[in-house]
Amino acid sequence: MNVLDVDYMVGLVPVLIRYLPLTLAMAVAGMALALVLACGLAVIRVLRIPGLNGATLLFISFFRGTPLLVQLFLFYYGLPQVLAFLTQINGVTATIMGLTLHFSAYMAESIRAAIVGVDRSQTEAALSIGMTNGQLMRRIVLPQATRVAVPTLMNYFIDMIKATSLAFTLGVTELMGATQKEAAGSFLYFEAFITVAIIYWLIVEGLAWFQRRLETRLNEAYRR
Amino acid sequence: MNEQATTAANADDALMVEMRGLNKWFGDFHVLREIYLEVERGERIVICGPSGSGKSTLIRCINHLEEFQKGDLSVGGLPMTQDVKRIEQIRRRVGMVFQHFNLFPHLTVLENCCLSPIWVQKKPRKEAEAQAMNYLERVQIAEQALKYPGQLSGGQQQRVAIARSLCMHPEVMLFDEPTSALDPEMIKEVLDVMVELAHEGMTMLCVTHEMGFAKTVADRVIFMDQGQIIEENAPEAFFNDPQSERTQLFLSQILGH
């Protein structure tokens, strides 16, 4: 077995880091859009809005029930054949779209559970002091649901950061795509992929640190 | 405009709470049967009865936390309807204190008290906070204003809950077993606040088994069983000379030990 080429690995880091912004941008955009969509879906499910409720169930069922890679291929290679205006879709857009739809389906269910989990007595107290349904949702239910949902949502964000590596299959040169190209040039596959693995790992660890701080803040009111 | 006109027309002469033939069902279960009740402004009413008799449900109809299916209810001359605006209008006149306090755990004591003044009555934050501090002082808990509910004892939380209600200047206060979830040594601090409120002339409907409180402040004691008002009388007569057998049995059970 050859000795690990550490110098190559060290030299590879700055090359790969240049593609980190694209990876993070796709993850952040996907997460932001997924959050908005998931909140909407969750509210539809909680209020059982007629018509939309059924459509939401179907949406969640499909995007949870099929692999993310299949969805990405469907958007990037498949849809432009049926919808002419999508011929301009690029790999980054297709990835963000896929991540948004896929993860919003999962997140909608955890947000819904968090909202439903807020005790009915909180709603009654808010109504008794004259608050409207909108006010009690905004001021009482959602803040309490957020505290419950954050750990799960952060978990999905971590998963989403790693899932951006699938963009490589759509020809996007992000962190994973860049690594693949470098490895193909140097033939040092083990070094290249262990390096990129460590980079992903460090990003996720950084995020986990941020999550712990966020949770401490959200739990402040509940400390004895 | 409209609201002001209605209020002015009914302010003084209207009954604070009026129920005419109120009926409520939970599915097949007939919880409230033909309830007639008139509460004058400034009256203090204690409602007692065995568990499941409908006493909590009765007062929860007044601020529409429960719907009733038949009969009429009005609060300060305003008839209760299905209209959301009307329900909100009535709720702003009615304060409620719950058995389990129901404070908002993610907000400080002060923020709990300022919610309604700021978001419902649209008062400036400074004014709302000053007023909230004033009420917190009256229930003797002002020094805890910046703590969270979870950091307070049960008795303290219930006093905050009373202050939170008072902050919206209700015309009538509903108490739903306010001391039932408290340790014995904390019951008195809450009752003291309620007695003081009664002496200040607040209209009060209290579901409670604190018979000492009933004797001290109530103008009338109402006994309910199986969804009906069985008996109502001034406290003296109610306790010394209960008319119905069920009232006698109930009193012997709660006073007998």
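**Entry 1: the interface**

How many salt bridges does the rule find across the interface of chain A and chain B? I started there, keeping in mind that this is a predicted model. The rule finds 1 salt bridge across that interface. I looked up who makes it: the side chains of A:Glu124 and B:Arg60 meet, at 2.6 Å from N to O.

Next I asked which helices of chain A supply at least two residues each to the side that touches chain B. They are helix H6 (120-128) and helix H7 (133-163). H6(A) gives the most to that side, with 7 residues. I sorted the side of chain A that touches chain B by class and got 9 nonpolar, 7 polar and 5 charged residues.

Then I turned to polar contacts. Between chain A and chain B the rule finds 8 residue pairs of this kind, with both residues at pLDDT 80 or more.

I also noted the overall extent. On the chain A side, 21 residues are in contact with 25 residues of chain B. A reminder to myself: the size of an interface is often given as the accessible area lost when the parts come together. Here the area buried between chain A and chain B is about 2100 Å². Carbon and sulfur atoms give 60% of that area.

**Entry 2: chain A as a whole**

How many helices and how many strands are there in chain A? I found 9 helices and 0 strands. Reading along the sequence, I wrote the pattern down as α-α-α-α-α-α-α-α-α.

I then took the extent of the C-alpha trace of chain A, which spans about 70 × 55 × 25 Å along its principal axes. Chain A has 224 residues, and buried ones make up 44% of them. For contacts in chain A between residues at least 6 apart in sequence, I see that 74% join residues at least 24 apart.

**Entry 3: one serine in chain A**

I picked A:Ser110, which lies in helix H5 (residues 91-117) of chain A. Is A:Ser110 buried or exposed? I count A:Ser110 as buried because its relative accessibility is 14%, and the cut-off for buried is under 20%. Which residues is A:Ser110 in contact with, once its neighbours within four places in sequence are left aside? I find A:Thr152, A:Leu153 and A:Tyr156.

**Entry 4: strands of chain B**

I moved to strand E1 of chain B, residues 17-26, and found that E1(B) is mostly covered, with 7 of its 10 residues buried. Which way do E1(B) and strand E2 (residues 29-39) run, parallel or antiparallel? They run antiparallel, and 7 bridges join them. Within this pairing, B:Trp25 stands opposite B:His30 in E2(B). The hairpin of E1(B) and E2(B) has 2 residues between the strands, and there B:Gly27 takes a positive phi near 60°.

E1(B) is also joined by 5 bridges to strand E4 (residues 70-75), again in an antiparallel arrangement. I looked for the partner of B:Arg20 in E4(B) and found B:Asp72.

Further along chain B I checked strand E9 (residues 220-225) and strand E10 (residues 228-233). These run antiparallel and are joined by 5 bridges. In E10(B), the residue opposite B:Phe223 is B:Glu231. Which residue takes a positive phi in the hairpin of E9(B) and E10(B)? I noted B:Gln226, with phi near 50°, in a hairpin that has 2 residues between the strands.

Key: Residues are numbered from 1 along each chain as its sequence is written. Chains are lettered from A and ligands numbered from 1 in the order in which they are written. Side-chain values use heavy atoms; hydrogens and water are left out. Contact means heavy atoms within 4.5 Å. Buried area is the accessible area (1.4 Å probe) that two parts lose on being put together, summed over both. A salt bridge is a side-chain nitrogen of Lys or Arg within 4 Å of a carboxyl oxygen of Asp or Glu. A polar contact is a pair of N or O atoms within 3.5 Å; within protein, one must be able to donate a hydrogen and the other to accept it, and residues adjacent in sequence count only if both atoms are side-chain atoms. Helices (H or I, at least four residues) and strands (E, at least two) are DSSP runs, numbered from the N terminus. Ala, Val, Leu, Ile, Met, Phe, Trp, Tyr, Cys and Pro count as nonpolar, Asp, Glu, Lys and Arg as charged, and the others, Gly among them, as polar. Buried means under 20% relative accessible area, exposed over 50%, partly exposed in between (1.4 Å probe, protein chains only). Two strands pair if DSSP finds at least two bridges between them.
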